[in-house]
Amino acid sequence: ADGRVAAETIRRLQAAKKRRAADGTPFFITAGFARPHLPFSAPKKYWALHNAESFKLPKFREHPKNSPKVAQKRGGEIRNYFPVPDKKDPASISDETARKLIHGYYASVSYVDAQIGKVLESLDTLELDDDTIVVLWGDHGFHLGDLGIWTKHTNYEQANRIPLLIRAPGFTSPNTATKQPAESADVFPTLAELAGLPAPGGPQPIDGVSLVPVLKNPIKRVRDHAFHAYPKAKLGRAIRTERYRLVEWRGGNGNTAVYELYDYQIDPLERENLAENQPQIVEQLKAILAKHPKPVSRKRR
């Protein structure tokens, strides 16, 4: 399917080039690729790019120390695919199977990377690359056995850290990167500003902020944290700064909450929930989280 998406995107780029040459009509194209989503299905040559024996297995395969039960995960979608055993015990996934899964993920990434490459080559061939903005981003990350977790559906780093790459002629420089915390909601106002359009508005609030100042100068900052949320038995609302992540798990009554705190400067593998040991940091981050709208009830009014 991803090969067909790339081919159709190229066809539409060719048509857009003709329209623009005829009457100056600009174009906006979104191309959605499925890989590396499960199942890890990719042509053999992309599997052959990687040696499974060279993959390093996760260093830490247990839930974080002192993490609340609601935050933990075992099993999930990965259990639907052979040869993963239908058990929730992380030890049931052998090292051999883990390497095969990691191999499949890398093969799938290499495959979709090649499809994206075809689209970018087409931009170059059509001489559209000098004035076309390109954004590549994903909707979630992916656990590959770290914390004993596979796939997504958590509020931990691997599930919430996403690729976000922007090439904007006249604004960005090659081979630059920034540690600016960002959200998917930032893409809309960023594109609007890059395209010279008015700032987005509407009947509902626009949550995102433009990242253009950071694209011009990677040391600039337009926000000091990113917000994310994932619901399980309780709703997990979280903020991620450059150093910390605070997760608030609050039940349906809205009165009681438990917290997770991770310090990525000293514990990048999320080995321990530090909420009880660092109450001052928790309070500082709770004040930031409180600035975000409170969740609404799942119950219909």
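Trainee: At what angle do helix 1 and helix 3 pack, and how far apart are their axes?
Mentor: Keep in mind that this is a predicted model. Helix 1, residues 2–23, packs with helix 3 at an angle of about 10°. Their axes are 9 Å apart.

Trainee: Why is helix 1 called roughly parallel to helix 3?
Mentor: Angles under 35 degrees count as roughly parallel. The angle here is about 10°, so helix 1 is roughly parallel to helix 3.

Trainee: Which residues make that contact of helix 1 and helix 3?
Mentor: From helix 1 come Asp2, Gly3, Ala6, Thr9, Ile10 and Leu13. Helix 3 supplies Tyr111, Val112, Gln115, Lys118, Val119, Ser122 and Leu123. By kind, seven are nonpolar, four polar and two charged.

Trainee: How do you know that the span of helix 3 agrees with its number of residues?
Mentor: The expected span is 1.5 Å times one less than the number of residues. For the 31 residues of helix 3 that gives 45 Å. The end C-alpha atoms are 45 Å apart, so the two values agree.

Trainee: Why does Ile102 count as buried?
Mentor: Buried means under 20% relative accessible area. Ile102 has 5%, so it counts as buried. Ile102 is in helix 3, residues 95–125.

Trainee: What does Ile102 contact, leaving aside neighbours within four places in sequence?
Mentor: Ile102 is in contact with Phe55, Lys56, Leu57, Leu144 and Trp150.

Trainee: What comes after helix 3?
Mentor: Glu127 follows, with a positive phi near 55°. That is a positive value in a residue other than glycine. Glu127 is in the loop between helix 3 and strand 1.

Trainee: Is Glu127 buried or exposed, and what makes it so?
Mentor: Exposed means over 50%. Glu127 is at 64%, so it counts as exposed.

Trainee: And Leu147: buried or exposed?
Mentor: The cut-off for buried is under 20%. Leu147 is at 1%, so it counts as buried. Its phi is positive too, about 60°, although Leu147 is not a glycine. Leu147 lies in the loop between strand 2 (143–144) and strand 3 (150–151).

Trainee: Why is Ala229 called partly exposed?
Mentor: Ala229 has a relative accessible area of 39%, so it is partly exposed. Ala229 sits in strand 5, residues 226–231. Not counting residues up to four places away in sequence, Ala229 touches Asn155, Gly236 and Arg237.

Trainee: Which residues of helix 5 are buried?
Mentor: Val187, Pro189, Thr190, Ala192 and Leu194. The buried residues of helix 5 pack against strand 1 (134–137), strand 4 (164–167) and helix 6 (212–216). Gly196 follows helix 5, with a positive phi near 75°.

Trainee: Where is the cis peptide bond with omega near 15°?
Mentor: It runs from Arg35 to Pro36. Leu38 and Pro39 are also joined by a cis peptide bond, with omega about -5°. Pro36 lies in the loop between helix 1 and helix 2 (44–47). Pro39 lies in the loop between helix 1 and helix 2.

Trainee: How many helices and strands does the chain have?
Mentor: Seven helices and eight strands. Buried residues make up 40% of the 301 residues in the chain.

Terms used:
Residues numbered from 1 in each chain as written. Predicted model: local features only at pLDDT ≥ 70, side-chain atom pairs only at ≥ 80, totals over all residues. Heavy atoms only, no water. Helix = DSSP H or I, 4+ residues; strand = E, 2+ residues; numbered from the N terminus. Buried < 20%, exposed > 50% of the residue type's maximum accessible area, 1.4 Å probe, protein only. Contact = heavy atoms within 4.5 Å. Axes fitted to C-alpha atoms, helices over the stretch in contact; angles between N-to-C directions. Parallel < 35°, antiparallel > 145°, perpendicular 65-115°, else oblique. Nonpolar A, V, L, I, M, F, W, Y, C, P; charged D, E, K, R; others polar.
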